[in-house]
Amino acid sequence: MSGLQADLRVRRGEHVVEARLDAPAGVSALLGPNGSGKTTLLLALAGLLHAERARVEVAGRTWAGDGVDLAPARRSVGLVLADPVLFGHLSLLDNVAFGPRSRGMPRRAARDRAREELERVGLGELLRRRPAQVSSGQAQRAALARALATDPDVLLLDEPLSALDPQTRSRTRADLATRLRDYPGVTLLTTHDPLDALTLADRLLFLEDGHLTQTGTPGEVVARPRTPYVASLVGLNLLAGTLVDREGWAVELRPAGGRSAGRLVLAEAPEDAAAGEQVWASVNPAAVALFSRRPQASARNLWLLRVESVTVTGQRARVHLTGDVDLVAEVTLGAVAALDVQRGRELWAAVKATEIHAYPA
Amino acid sequence: MRAASTRERPTTGSWSLRVPALIGIAFVVVPLVALLARTDWPQLGTHLSSPVVGQSLRLSAVTTSATMMLVWLLGTPLAWLLARSDHPLTAWARAVITVPLVLPPVVGGVALLMAWGRRGVVGGPLEAWFGITVPFTTVAVVMAELFVALPFYVVSVEGAMRGLDRRVDQVAATLGAGPVRTFVHVVVPLVLPGIAAGSALAWARALGEFGATITFAGSFPGRTQTAPLGVYAALEQDPDAALALSVVMLAVSVLVLGGLRSRWLR
């Protein structure tokens, strides 16, 4: 059996992380807000943190469980952290050769292996440099080479790009993607950047408050987010409610703060949900239209909402609205100017029934 | 017109601060200058070749070298365990190792005598079963020096090791390095400056050791009379030799300190 199966319960301070993971060969991204326990989970898999309960099996070998608890040095694992954490007294070559040497490879063979790994990440010219003499991106690539030089069964990357400046980050992300394609083992990558996850990973795992809340391929997750965090990460509005069939299909929205949130009218019956079921309804922010006066055309999903904040990316702006429902609308900069969008302004928000996607919760 | 280079106005420009500061400096400088002034420089060579001087210097060189070997061998792993261990006894061990820092050296000598003396807790059985006597031997000198010097080394190296990023040893572990390999090939090289500083402190303390040595090892020329004991013994019969010996110790200490400062310390 290949891949990594783990069932862990780890306490760190007041936080408890409890998760059951099943990661096949390939790259799985572990996403979650700060403090959700991503790093704790990785360190526990590496054996660097004591788990209250641990069962870890990798490629058919038991790392933990059944009375076994292998020391980190005996787990076939590679670890790359946000900072390169290279050994400052060794050249890049000896940094990368350290792992093979530690695992008993003769000096010359270890150096050959290290040279090969460094060449694969484009550092063949800098073998003799000390870590202090290379850039942050180069150091991080050397850290990746060091982690892979022992041919680990599992590669753990803890926010590997988060400490890099934006330019270096995108270049290093591309290098990382290239190198990971050739790596046959299981890669677990923590990040809170959806771009990392979508460009590097085959599978996404969402960890919130110590628990896995959703797993799936990027396509599945983008199509059907199941928590507000996941939805916000993939840029969708997510509303919870009950499916009803009264004069057409609709979602009776779950009341927020005592107020009735109203209903979302759907264009057609959802494929796999029946009336009375709890459902999620996702709305693409680009499908939310904004008006300063009540529109004449009869969009059946219409609310008068208050602007809470506006963020701009490129030519588009995301307008966060609050009221009977919380919605994000994505509009052009021209619309922002024309509608005089600013905090506290009241606007009409309309969503066409055909733009609402409902699925079972 | 403005001055070519801007200088900050000192915030210490008051004589009520300067006077005590200058007295403090003078208090240290005057005896050192006096030592140099009273040294019989033309005859220095002759004085240094007197048997007391040569013997005691040689003994100091041998015993402090042996002491430093033991300090490194025992103190470095100890400092590492104190720096990383979260065992409940660690805090205790840390407190105990610092006791000799504040203990009057004579008391240390008495304590060593109670442990290793002919009727001591360990020394008694040692003599009865194996016929080994420790006190008043060169070995006793080394033990006295180790007792006072080890804490200086451990405290300063532990500080350096604690400053080492924990992730460094964690990464080493994931690369397959066991605790010993990580310690020897990663930790020690990375805290070398701290080790050098701690070694200088410990060595200086061992070189100057007097109280514990004279109590536990006595002052037998050629066997337990180290340079400080030699100075003290010679002061009455041959003051010039005592001065010459003192000047040599001063020179060696300053050289070691200067060498460290340029290389490792800032």
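In chain A of this predicted model, Gly241(A) lies opposite Leu253(A) of strand S13(A). The pair belongs to an antiparallel pairing of strand S12 (residues 237-245) with strand S13 (residues 249-253) of chain A, which extends over 5 bridges. Both strands are part of an open sheet of 5 strands in chain A, ordered S14-S13-S12-S15-S21 and paired in the antiparallel sense. The edges of the sheet are formed by strand S14 (263-265) and strand S21 (356-360) of chain A, each of which pairs on one side only. On average, neighbouring strands of the sheet are turned by 40° against each other, direction ignored.

A further antiparallel pairing in chain A involves S16(A) and strand S20 (residues 346-351), which are joined by 4 bridges. Within this pairing, Val351(A) of S20(A) is the bridge partner of Val288(A). In a regular strand, side chains alternate between the two faces of the sheet. For strand S16 (residues 288-291) of chain A, the covered face carries Val288(A) and Leu290(A), while the uncovered face carries Ala289(A) and Phe291(A).

The helical part of chain A includes helix H8 (residues 228-233), in which Val230(A) is located. Val230(A) counts as buried because 23 other C-beta atoms lie within 10 Å, the cut-off for burial being 20 or more. When neighbours within four places in sequence are left aside, the contacts of Val230(A) are with Phe206(A), Gln214(A), Val221(A) and Pro225(A). Arg181(A) stands 49 residues from Val230(A) in sequence, and the C-alpha to C-alpha separation of the two is 26 Å.

Taken as a whole, chain A contains 9 helices and 21 strands. The C-alpha trace of chain A spans about 80 × 50 × 35 Å along its principal axes. Chain A has 361 residues, of which 40% count as buried. Of the contacts in chain A between residues at least 6 apart in sequence, 64% join residues at least 24 apart.

Chain B has 14 helices and 0 strands, and its pattern along the sequence is α-α-α-α-α-α-α-α-α-α-α-α-α-α. The principal-axis spans of the C-alpha trace of chain B are about 85 × 65 × 35 Å. Of the 266 residues in chain B, 35% are buried. Among contacts in chain B with a separation of 6 or more, 76% are accounted for by residues 24 or more positions apart.

In one of them, helix H6 (residues 105-116) packs against helix H8 (residues 138-162) at an angle of about 125°, with the axes 10 Å apart. This angle makes H6(B) oblique to H8(B), and the crossing of the two helices is right-handed. H6(B) contributes Pro105(B), Gly108(B), Gly109(B), Leu112(B) and Trp116(B) to the contact, and H8(B) contributes Met143(B), Ala144(B), Phe147(B) and Val148(B). The residues in the contact of H6(B) with H8(B) comprise 7 nonpolar, 2 polar and no charged residues.

In the other packing, the axes of helix H3 (residues 51-84) of chain B and H8(B) come within 7 Å and cross at roughly 35°. The crossing of H3(B) with H8(B) is right-handed. By class, 18 nonpolar, 6 polar and 3 charged residues form the contact of H3(B) with H8(B).

Between the two chains, the contact takes 15 residues from chain B and 18 residues from chain A. On the side of chain B that touches chain A, the elements giving two or more residues are helix H9 (166-174) and helix H10 (179-190) of chain B. H9(B) supplies the largest share of this side, 6 residues. The side of chain B that touches chain A is made up of 8 nonpolar, 4 polar and 3 charged residues.

How values were computed
Residues are numbered from 1 along each chain as its sequence is written. Chains are lettered from A and ligands numbered from 1 in the order in which they are written. This is a predicted model: local features need pLDDT of at least 70, side-chain atom pairs count only at pLDDT 80 or more; totals for chains, interfaces and linings use all residues. Axes are lines fitted to C-alpha atoms, for helices over the stretch in contact, and angles run from 0 to 180 degrees between N-to-C directions. Angles under 35 degrees count as roughly parallel, over 145 as roughly antiparallel, 65 to 115 as roughly perpendicular and the rest as oblique. A crossing is left-handed if the near helix is turned anticlockwise from the far one by less than a right angle, and right-handed if clockwise. Two residues are in contact if their C-beta atoms, placed from the backbone, lie within 7 Å. Ala, Val, Leu, Ile, Met, Phe, Trp, Tyr, Cys and Pro count as nonpolar, Asp, Glu, Lys and Arg as charged, and the others, Gly among them, as polar. Two strands pair if DSSP finds at least two bridges between them. A residue is buried if 20 or more other C-beta atoms lie within 10 Å of its own, exposed if 12 or fewer, and partly exposed in between; C-beta atoms are placed from the backbone.
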